[in-house]
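Reader: Hello! Could you take me through the salt bridges and give me a close look at the residues that form them?

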Amino acid sequence: MKPHQSLTSGAAPPILESRKEQLAACPPTEVFPLVCSSLSLSIPYQALIIYRRQGDRLVPDRMDGESSKQFASLAIPLGMGLAGWVAEHHKAIVNGNPSVEPGYLDDPSKFSTLRSALAVPLDFPDWPCGVLSPYRRDRAAFRSHDLVPLELNDLHTTRLHSSH
């Protein structure tokens, strides 16, 4: 599990900048499907979760992908697990272990094939400490450069938040 600072201090590559402009023109109700579509082109995932803060916990707000249902009932305390750590420290993590999320697969009859995750903090004025996390089956499936499209999608997750 490696924390990272923002990687988007420079200009975005032209293809990503073009996608950013396209998504900015979408109606709010279409933002999450387009964020998922955009991310899946550059970062394959089996689950994509946007967590929002609810009191002192993070709960799944939006989910996508074949393995996303495993996360539906999570209520992660701030500072605990992968998403909780990212929300508390406001730093991204590359190749975190999904199984460290509190409550993830508490049922011994269930198991997961997800072995790695990215986690990027999302901060909004009235919704601080959210987290955007794609998950994959392979261990160490993500690279530092995978953070760039996630951070570029921050504009669109801001618009997604405002559509609530």
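**The salt bridges, pair by pair**

Author: Let's begin with Arg-137, which has a relative accessibility of 35% and so counts as partly exposed (buried means under 20% relative accessible area, exposed over 50%, and partly exposed in between, with a 1.4 Å probe and protein chains only). Before we go on, please keep in mind that this is a predicted model, in which local features need pLDDT of at least 70 and side-chain atom pairs count only at pLDDT 80 or more, while totals for chains, interfaces and linings use all residues. Residues are numbered from 1 along each chain as its sequence is written, and side-chain values use heavy atoms, leaving out hydrogens and water.

Glu-66, the partner of Arg-137 in a salt bridge, is exposed, at 59% relative accessible area. A salt bridge here is a side-chain nitrogen of Lys or Arg within 4 Å of a carboxyl oxygen of Asp or Glu. In general, side chains of opposite charge can pair when their charged atoms come close. For Arg-137 and Glu-66, the distance from N to O is 1.9 Å. Arg-137 sits in the loop between β7 (127-136) and α4 (147-152), and Glu-66 in the loop between β3 (57-64) and β4 (76-77), so this pair ties together parts that are 71 residues apart in sequence. The element names follow DSSP runs, numbered from the N terminus: helices are H or I with at least four residues, strands are E with at least two.

Elsewhere, shared partners link Arg-52, Asp-61 and Arg-62 into one salt-bridge network. Asp-61 takes part in two pairings: with Arg-52 at 2.8 Å, N to O, and with Arg-62 at 3.5 Å, N to O. Asp-61 is buried, with a relative accessible area of 17%. Its two partners are partly exposed, Arg-52 at 25% relative accessibility and Arg-62 at 21%. Across the whole structure, the search finds three salt bridges.

As for the setting, the chain has five helices and seven strands, running β-α-α-β-β-β-α-β-β-β-α-α from the N terminus on. Of its 164 residues, 45% are buried. Contact means heavy atoms within 4.5 Å; among contacts between residues at least 6 apart in sequence, 57% join residues at least 24 apart.
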